[in-house]
Amino acid sequence: MSAPLLAIRDLTMRFGGLLAIDCVSFDVAPGAVTALIGPNGAGKTTLFNCLTGFYRPTAGNLILDTGGARRELAGLTGHRIARLGIARTFQNIRLFPRMTVLENLMVAQHTALMRASVFSIAGLLSLASYRRAEKEAIDRARYWLDRVGLLSRANAEAGSLAYGQQRRLEIVRALCTEPRLLCLDEPAAGLNATESGELARFLRGLTTELGIAVLLIEHDMSVVMGVSDRIVVLDYGRKIAEGTPAEIRADKAVIAAYLGEPAAAVA
Amino acid sequence: MAAQRLIDAAKAAGITAIMGFALIGLELIDQPGGETLASRWQTLAAAVAIVFLGCLALSAIPAIRVRPLHRASPIFASAGRALPWTLVAFALLLPALPIANRGVIDAATEILIYVMLGWGLNIVTGLAGLLDLGYVAFFAIGAYTYAILATQIGLSFWACVPIAAAMASAAGLLIGFPVLRLRGDYFAIVTLGFGQIVRIVINNWRSLTNGSQGIAGVPRPSFFGLADFTASPTSGHRTFHELFGIAYSPMQRVIFLYYVALALALAVNLFTLRIRRLPIGHAWEALREDEIACQALGIDRRRVKLAAFAIGAAWGGVAGALFPAKQQGFVSPESFGFMESAMITAIVVLGGMGSQLGIVLAALILVGLPELFREFEQYRMLAFGLSMILIMRFRPRGLVSTRRPSVVLE
C-alpha cells in the first residue's frame, strides 16, 4: 500500500466523563474510498468534527500529506484545515439557503478568489486579473453543476431545491474547494435507491478520474459495500474492525455490534 | 369559533385593563401645596372597550396574505426596476423643483445622511448578519473627528472626510475585535454598550470635545476649497457667487451641502453594490446564512467579520463628517444617543435586510415623514411604533424582501 494521505493515530476525544473516541488509528489512502461505519453513537461524526477542526481532539495525531510536506491537523482551526485540502459535508445539510446555487459554489472558492481580489482592491477596480479568476471560478462551478445535473438550477435559491438536489449541491460545493480529501457525512441519507446508485457512481468517478480521496460515513450498506475500498468499523468510540468490504461482511465483531451478541439475541 | 374570538378579545381587553390601570387610570396632578392623585376611569374604560371591539373587528376580517408586489402584477415588477433610477433622478432634480425651499432641502440632506448610515450599517447587519446596535458610535466619531480637526488644526472638510472614515474604521476594528466571538443577541447587547461608551467618553473628555456643551463654529464645507459660501469675501477667500458671477443667496450653501450628501451617498451605494459581488461580499452573506458551513469552506470568520465591521464603520464616519456641516456647524454628544442608533437599525430592518432600495424607502418614511410633519412631533414615537408593528405584521422580511443574485449564470 502506498503512503497514506491521512494517518489517524491514537485519536481520542473526551467530553467530560464521556469517551466519544477511544484511541482510534487508521489510514486514509489517496484516491480511494474509505468508509466509516458503526451503530448510532459510535463516534463517527465526532471523528469528522475532530478531523475538520470543529473539535480539538483530547489526544492523538491527525497527519495529512499535503503533497510532500506532512502536516499535523490536531489543534488547527477549522478554516485552516479546510485550506489544507479537507472538505466536508454535514449530516443535516448546511447550504446557504437564501443564496443561489451558483453563489453557494462561489463562496466555496473564497480562498482562491480572495487571493485574486488582493484585499478586494483588484476586485473593486475590476482588474483583468480578477475578472479572469472570477471567470475560472464560474467555469468550475458550471462544470460541477453539469456533472450532478443541477446546471439548469444555477440561478435558483439553494433553499428552494428538492432534498436530493440539496445533497448533491452540498457535495459539489465541497468539491469546488479543490480538496485532497472529501469527507461525506451520510450523503445517501434520505435518497431513494436510484439516487443512491447515482451517488455511488459519482463517488467512484471522483476517485478514479480525479484521484480525490473520499472518507465516507454511511448507513446505507448497499452504497458502502458497493463503493468502498476499505471499511473502518467503530463501536462505542473504539475501532472494532478494518478491512475490505468482503472481510467486514464476514467479521464476527461487526455482526455482533450491529445485531447484538448471539447469546443476547437468543435470550 | 365565535366563542374563541370573544375569549381572545376579552383577554386582550383584560391585559389593557391591567396595563392601563396605572398608565391611563391614574393621573398625578401637580398642584401648589403638593401632588394629588386623580382617577380617569372613564378614559380607561374607553381604552378597554376600544381594544375589545378592535380585537373582535380584526378577527372578523379574513387573514390577509400580502404577496410581494412584483409578483402580484408585471406592472409592479417593471415599476420596481424603474424605481431606483426614478429616485436618483428625483434626488438630482430636487433643488430645481418648485417645492424646494430651505426646509425641504434641509430635510432631504438629513434623509440622505440617514440613508448613508443605513447603507453603511447594511454591510454589517444586512449582509454579514451582525446586529450592531451601537453603529451611532461611528457616526459620532466621524462627526467629532471633523469638528475637532477643523476647529483646532484648521483642516478643510475635504481633507477631513477620509480621516473621519479612517478614524471610524479604526474604532470599528478596536470594538470589533473583542466582540466578534459573540453571536446574535449577545453581540447586539455588547455593541449597544459600546455605542453608549463612545457617547459617554465624548461627553466627559472635556479638554478635547468640550463635553456636553459641544463644539460650535465648525467651518462648513467650502466649494472644493475654491470658494466660500459667504455674502462677502473673507480673508482672501473668494465667494461662490462671485466665482460663478451670480447673485448671492443663502440657499447656495444649503443646496451645495445637499449635493455633497447625495454624491457621498451614491458613492456608498456603488461601493456596496460592487463589493457584494466580490468574494468578501459573498463571504459576508454566507456568514449570515451559516457560519459553520463557512468555516468548513476555509473562510476565516473573524477576519471576514472584522472587514465588515471596519468597512461599515468607515461609511458611518463619512456620514458623520457631514453632520456638523448640516447642523449649522454645531455638534454635541446629545445627537448620538441610543435613539439615533435604534433609528439606523430600524431603517435597515424595515427596509429589508440587505436591500439598498428598501433602506431608502425606510429612511424616507422614518426620517422624512417626521421632518415634514414637525407639528406632530409629540406623536413621533407613536408613529414609529405603529409603523414597526405594521411592517412586522405584513412584511416581516422588510419593505423590499427580494434578494437580487450577485452573480448569474446565463
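This is a predicted model: local features need pLDDT of at least 70, side-chain atom pairs count only at pLDDT 80 or more; totals for chains, interfaces and linings use all residues.
Local features were taken at pLDDT of at least 70 and side-chain atom pairs at pLDDT 80 or more, while totals for chains, interfaces and linings use all residues. Residues are numbered from 1 along each chain as its sequence is written, chains are lettered from A and ligands numbered from 1, in the order in which they are written.

The predictor assigns the complex an ipTM of 0.90 and a pTM of 0.85.

Chain B contains 17 helices and two strands. These are DSSP runs numbered from the N terminus: H or I over at least four residues for helices, E over at least two for strands. The C-alpha trace of chain B spans about 80 × 75 × 45 Å along its principal axes. Two domains are assigned, domain 1 (2-60) and domain 2 (102-225 + 251-394); the bounds come from an automatic or database domain assignment. Their centres, taken over C-alpha atoms, are separated by 39 Å.

Of the 410 residues of chain B, 38% count as buried. A residue is buried if 20 or more other C-beta atoms, placed from the backbone, lie within 10 Å of its own, exposed if 12 or fewer, and partly exposed in between. Contacts require C-beta atoms, placed from the backbone, within 7 Å. Among contacts in chain B between residues at least 6 apart in sequence, 74% join residues at least 24 apart.

The largest nonpolar core has 178 residues. Such a core is a set of buried Ala, Val, Leu, Ile, Met, Phe, Trp, Tyr and Cys residues joined through C-beta atoms within 7 Å. B:Met116 and B:Ala308 touch the most other members. Helix α14 (residues 301-326) of chain B supplies the largest share, 15 residues. Beyond four places in sequence, B:Met116 touches B:Leu264, B:Ala265, B:Val268, B:Trp315, B:Val318 and B:Ala319.

B:Ser249 lies in the loop between α10 (240-244) and α11 (251-275) of chain B. B:Ser249 is partly exposed because 13 other C-beta atoms lie within 10 Å. Its C-alpha atom is separated by 7.8 Å from that of B:Ala231, 18 residues apart along the chain.

At the interface, 30 residues of chain A are in contact with 25 residues of chain B. On the chain A side, α2 (78-83), α3 (101-108), α4 (110-117), α5 (121-124) and α6 (128-147) each supply at least two residues.

Technical notes:
Two residues are in contact if their C-beta atoms, placed from the backbone, lie within 7 Å.
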